[in-house]
Amino acid sequence: MISRTFYKQLIFIVLFSCIKPSIGFSAEIIASPHVKTTTLSLENLRHIFFMRRQEWPDGTPIKIYVLSDNNILHKEFSKENLGVFPYKLRRLWDRNVFSGTGQSPILLKDESEMIKVISTSHRAIGYASKEAISNLNQGSVNVLFIKDK
Amino acid sequence: MFKGILLLLTLYMSHSHASSVFDSFQTHGFINQGYFISSSNNVYGKSSTGNGSLGLTEIGLNASIRPFSQLSFAIQGIYRKAGALNNDVRLDFALLDWTFYNTGDIQAGIRLGRVKNPIGFFNETRDMPFTRPSIYLPHGIYYERLRNIYLSADGAQFYFNQSTDIGEFDLKISAGQPLDDIKELEIAFFSFDAPGSLEPEDAYLAKLEYENKSGATRLALSYVDIDLSYDPGTHDLFDDGDITIKMLILSAQQRIDDLTLTGAYLRQKSVVSNFGPFFPNSTPISESYYLQGQYQLTPTLQVGLRYDVAYLSKDDKDGASYSALTGKPKHSAFTKDSMLSLNWIPHNQWMLRAEYHRINGTSFLSYADNPMPNASTKNWDLFALQLSYRF
């Protein structure tokens with residue numbers, strides 16, 4: 001007999017694939033101070049990190065940064081902001097890179113490197129925690145507002 | 001083709017800001033070393049004698065660049081040493097990718113050049129150790145003797161991706177000329193090294209893949225149609241015959257928390273005609289399936305179980321007719337493999353894999369490493385280790 005836990009898990013999976021990402025513990029999406037965009041739709045954000053879109057809404061090329069798969073902030077970003085399991089992103093990026101059908105985001109070491117790279121580059125997008133951003137000088141990164149629709 | 005890409009790149013760079021072109025430049029790669037020891041029968045070198053074999057080494061390096069948002073180039077070279085089978089560098093893919101339609105939700109485009117063949121979940125990245133589910137891919141679906149035909153083809157691929165409320169749909173349709181080193185298939189087909197040579201003509205492939213929004217559910221349907229022709233040698237018994245291989249593969253994967261279940265079913269029809277009186281026309285139907293379960297014990301350690309079955313002919317599962325026709329042992333016509341595996345990823349760039357296989361049958365073994373099929377053993381054990389690094 002299949003256990004009750006199995007069904008619970010199955011229901012969880014089905015629900016998880018339907019629910020919209022919650023705002024609770026999510027990461028903040030940050031961009032280089034030079035980037036003119038201030039608001040992105042959730043759809044747009046997903047397209048960017050799924051490597052489906054290679055440019056900002058104004059047409060300038062975009063450069064995408066992430067932290068490693070096991071990083072807690074990356075996991076939060078993946079589940080809460082994008083609404084996908086981190087392994088989906090890894091599979092997508094690996095398939096792109098190793099079958100010649102696309103590219104992957106650039107992997108950074110940790111959150112402080114993320115903030116440093118985003119604040120000093122021109123077209124970059126990445127993410128950071130609220131705490132880390134609140135300790136920064138005003139204007140050193142561009143915190144993007146993500147619209148649900 | 002490749003020269004053309006280089007020329008285009010050079011032209012482009014000389015007419016624009018070099019910094020913005022190189023901004024999108026990426027390079028990645030992997031290094032992989034395997035170790036194999038078996039009770040009998042050889043896998044990737046002389047695994048059944050002495051201390052086993054270190055006969056699998058794979059090194060891959062790729063680069064990609066996207067000078068315009070609709071246009072990209074990608075290239076990958078792979079060095080592969082695999083027993084007595086391979087010891088060479090090959091151009092794995094080299095392509096120009098033009099996304100002529102992109103709304104974010106929908107992409108449509110075309111890839112030209114040497115393109116990976118879309119077959120099942122794993123074929124397009126089968127040599128990249130981190131993206132395959134085991135050291136040895138399931139024997140029937142990713143049949144080793146068809147390996148060179150499977151890898152990539154020189155031609156074109158049309159693609160269409162759509163993101164919907166229930167997940168992503170991904171369609172690829174390819175046409176091209178597969179790589180032509182298919183000695184293993186030729187020997188498997190004729191049962192000996194015939195004087196002429198079997199050459200691939202055209203390959204047509206299509207794959208439709210679905211993945212739900214979270215990524216936990218995946219389904220794929222692949223169709224492959226490959227034509228081969230025989231070019232007879234001098235004093236050849238056979239005429240210039242043709243083989244058409246058509247296969248259909250259904251693949252499915254479901255993740256439930258820390259458990260991943262993956263399976264596939266293959267049905268393959270081979271139409272053999274015009275080889276003359278010494279090789280009558282026939283249409284054998286091959287069948288294969290596997291089911292693999294992987295469980296994440298800790299964030300870095302995974303344990304796996306797999307049962308994998310392959311029959312060269314579904315109407316001759318015990319190999320009796322095959323044996324009567326070819327003089328080879330019955331067990332050359334099938335493989336049933338039970339696998340237990342451990343997968344450890346202590347760091348996102350390093351992976352160590354260990355696998356134990358209990359195997360009944362030898363239908364997937366290479367002739368290069370096993371030149372005498374009659375000396376093969378029906379029931380055997382294989383242990384494999386693999387250390388991989390990626391960047």
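In the predicted model, the interface between the two chains brings 30 residues of chain A into contact with 31 residues of chain B. On the side of chain A that touches chain B, the elements that give two or more residues are the helices α1 (4-16), α2 (42-49) and α4 (86-99) of chain A. Of these, α4(A) gives the most, with seven residues. When the residues on this side of chain A are sorted by class, nine are nonpolar, 12 are polar and nine are charged. For the model as a whole, the scores are ipTM 0.91 and pTM 0.89.

Chain A contains six helices and seven strands, and these elements follow one another along the sequence in the pattern α-β-β-α-β-α-α-β-α-β-α-β-β. Of the 149 residues in chain A, 36% are buried. Among the contacts in chain A with a separation of 6 or more, 67% are accounted for by residues 24 or more positions apart.

Five strands of chain A form an open sheet with mixed pairing, in the order β4-β3-β5-β1-β6. Helix α5 (residues 111-120) of chain A lies across β1 (28-31), β3, β4 and β5 (124-128) of chain A, and its direction makes an angle of about 145° with that of β5(A).

Strand β12 (residues 285-296) and strand β13 (residues 301-311) of chain B pair in the antiparallel sense over 10 bridges, and the two are joined by a hairpin through four residues. In this pairing, B:Tyr295 stands opposite B:Val303 of β13(B). Strand β13(B) also pairs with strand β14 (residues 334-347) of chain B, again in the antiparallel sense, over 11 bridges. Here the bridge partner of B:Gln302 is B:Asn343 in β14(B).

Helix α4 (residues 183-190) of chain B has B:Glu184, B:Leu185 and B:Ala188 as its buried residues. These residues lie on the same side of α4(B), because the arc that they cover around the axis is only 95°. The elements that cover the buried residues of α4(B) include α3 (147-151) and β8 (197-212) of chain B. Just after α4(B), the backbone at B:Ser191 takes a positive phi of about 75°.

The confidence of the prediction was also examined along chain B. The average pLDDT of chain B is 92, and 95% of the residues score at least 70. Over residues 13-18 of chain B, however, pLDDT stays under 50, and for this stretch the model has three contacts beyond four places in sequence. Where pLDDT is low, the predicted coordinates should not be read in detail.

Methods:
Residues are numbered from 1 along each chain as its sequence is written. Chains are lettered from A and ligands numbered from 1 in the order in which they are written. This is a predicted model: local features need pLDDT of at least 70, side-chain atom pairs count only at pLDDT 80 or more; totals for chains, interfaces and linings use all residues. Two strands pair if DSSP finds at least two bridges between them. Two residues are in contact if their C-beta atoms, placed from the backbone, lie within 7 Å. Axes are lines fitted to C-alpha atoms, for helices over the stretch in contact, and angles run from 0 to 180 degrees between N-to-C directions. Ala, Val, Leu, Ile, Met, Phe, Trp, Tyr, Cys and Pro count as nonpolar, Asp, Glu, Lys and Arg as charged, and the others, Gly among them, as polar. A residue is buried if 20 or more other C-beta atoms lie within 10 Å of its own, exposed if 12 or fewer, and partly exposed in between; C-beta atoms are placed from the backbone. The arc is that of the directions from the helix axis to the C-beta atoms. pLDDT is the predictor's confidence in each residue, from 0 to 100.
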